[in-house]
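Me: Could you walk me through how to read helix packing and salt bridges in a model like this one?

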Amino acid sequence: NLLRGDGRFPAALTLAAEMAEYTRRAGLGPWTQLADEAMRLQVLVDMGKYDAVLARVAELRPQLETLPEQSAAAETVNPWNVREGLLDTGRSAAMRSEQWAQALAFNGDIRRYQAARGADALELARTRFNDYGPLLRLQRYAEARALLHDCRAVEEQHRDPVGLGKVYSALADLEDTVGERATAVQFQQTALRYSYQAGDPEDCAISHHNLSNYLARQAAPPALALAHRLADAVICIQTQSGGLAQTLRNFANSDLPAAPPAFAEVAALVEQIPGVQFRALFARLPQTFPSGDAAIAAVWQLAQQEKAKRQQSAAMQQQVLAAMPQAIQDAFELDGEAFRQAMGAALSAMPENEAMSIINQLRQAGLIG
């Protein structure tokens with residue numbers, strides 16, 4: 001788990017294999033062996049090996065159905081935890097590879113097993129919540145909305161601010177997707193209040209980030225959207241969160257004023273939402289920078305650097321594209337499948353060496369993956 005968290009995936013994969021060997025040598029039972037395999041598959045998901053994970057989970061499904069709950073050998077795991085964990089690993093692989101129907105199927109199986117073992121309403125609701133993303137991508141908006149309102153009712157009964165924050169954030173995402181900008185802002189403001197109630201800085205930063213996006217799309221006052229963007233960035237830079245990279249990319253795509261607002265101004269704007277105590281949260285964060293104004297200044301400098309880097313990259317891409325054959329340039333006027341087909345046709349019409357040279361140039365310029 002530590003290696004995975006540190007992004008050292010090959011080392012984590014090696015350790016998972018060693019763990020499986022020790023399990024066999026210790027004579028532990030089939031459920032413990034499946035748990036070791038689940039750890040290996042989790043690392044493969046981290047490494048982007050989604051098809052391999054899905055194929056392996058499919059191979060293991062019969063065992064999940066037929067293995068007896070009581071093992072003759074010693075076990076160090078709970079069978080139900082292994083079963084549901086393996087299925088959730090498959091769901092994660094399906095989600096990341098955008099196989100939305102497959103993700104829904106995995107989650108449905110998890111819920112079936114949970115119900116059979118007597119899971120409570122809260123656990124079932126939180127598992128069902130995972131269907132929201134695939135339903136949204138499949139444009140099944142009415143189902144997604146009904147699901148989220150059902151989950152909200154369960155979370156409200158249990159008065160859990162973390163769960164409520166996630167549900168309201170998902171509702172905001174849904175309403176923004178269908179073009180209900182004002183409703184999206186309202187839901188995300190509620191999500192932000194619950195994030196502050198729960199007190200997790202990372203969740204607060206994410207809620208500020210999302211709210212800034214929705215405010216910008218709603219054409220809210222630029223100073224308000226900027227304040228929430230800066231609140232997100234300040235939390236990230238103080239905690240040294242990896243979320244700062246995405247925030248800086250958003251800054252680079254925005255029109256920024258000549259100078260940043262003061263910390264007190266940012267705090268006053270974001271604290272207009274009842275329950276959002278940004279200054280109190282900042283006071284208990286690690287003091288990577290000694291003051292709010294120092295943190296904002298550091299963020300601003302990084303944002304300007306990111307903006308300059310983006311501009312240089314865009315200029316270079318334009319130069320590279322301008323030197324390409326006309327058929328390649330025409331392909332870049334298209335999107336999605338039309339782009340892929342046009343690129344394929346243009347490259348197929350060239351000698352192989354020339355096509356490979358063009359592909360390498362486009363990759364180096366960041367124009368294609």
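**Helix contacts and charged pairs**

Reply: Start with a contact between two helices. On the α2 side, F9, A12, L13, A16, M19, A20 and T23 take part, and they meet T32, Q33, D36, M39, R40, V43, L44 and D46 of α3. Keep in mind that this is a predicted model.

Me: What kinds of residues make up the contact of α2 with α3?

Reply: The contact divides into nine nonpolar, three polar and three charged residues.

Me: And at what angle do helix α2 and helix α3 pack?

Reply: Helix α2 (residues 9-25) and helix α3 (residues 30-46) pack at about 170 degrees, and their axes are 9 Å apart. Angles over 145 degrees count as roughly antiparallel, so α2 and α3 are roughly antiparallel to each other.

Me: Okay, on to charges. What is the general idea behind a salt bridge?

Reply: Side chains of opposite charge can pair when their charged atoms come close. The cut-off here is a Lys or Arg side-chain nitrogen within 4 Å of an Asp or Glu carboxyl oxygen. By that rule, the model has 24 salt bridges.

Me: Where do R91 and D88 lie?

Reply: Both are in helix α5 (residues 79-96), three residues apart, which is about one turn of the helix.

Me: Which residue does R128 pair with?

Reply: R128 forms a salt bridge with D150, and the closest N and O atoms are 3.1 Å apart. R128 sits in helix α7 (residues 121-129) and D150 in helix α9 (residues 141-158), so this pair ties together parts that are 22 residues apart in sequence. R128 is partly exposed at 31% relative accessibility, and D150 is partly exposed at 39%.

Me: How about R181: what is its partner in a salt bridge?

Reply: That would be D176, with the closest N and O atoms 2.8 Å apart. D176 is buried, at 9% relative accessibility, while R181 is partly exposed, at 31%.

Me: Which residues are linked in a network of salt bridges?

Reply: E37, R40, R56 and E59 are linked that way.

Note on methods
Residues numbered from 1 in each chain as written. Predicted model: local features only at pLDDT ≥ 70, side-chain atom pairs only at ≥ 80, totals over all residues. Heavy atoms only, no water. Helix = DSSP H or I, 4+ residues; strand = E, 2+ residues; numbered from the N terminus. Buried < 20%, exposed > 50% of the residue type's maximum accessible area, 1.4 Å probe, protein only. Axes fitted to C-alpha atoms, helices over the stretch in contact; angles between N-to-C directions. Parallel < 35°, antiparallel > 145°, perpendicular 65-115°, else oblique. Contact = heavy atoms within 4.5 Å. Nonpolar A, V, L, I, M, F, W, Y, C, P; charged D, E, K, R; others polar.
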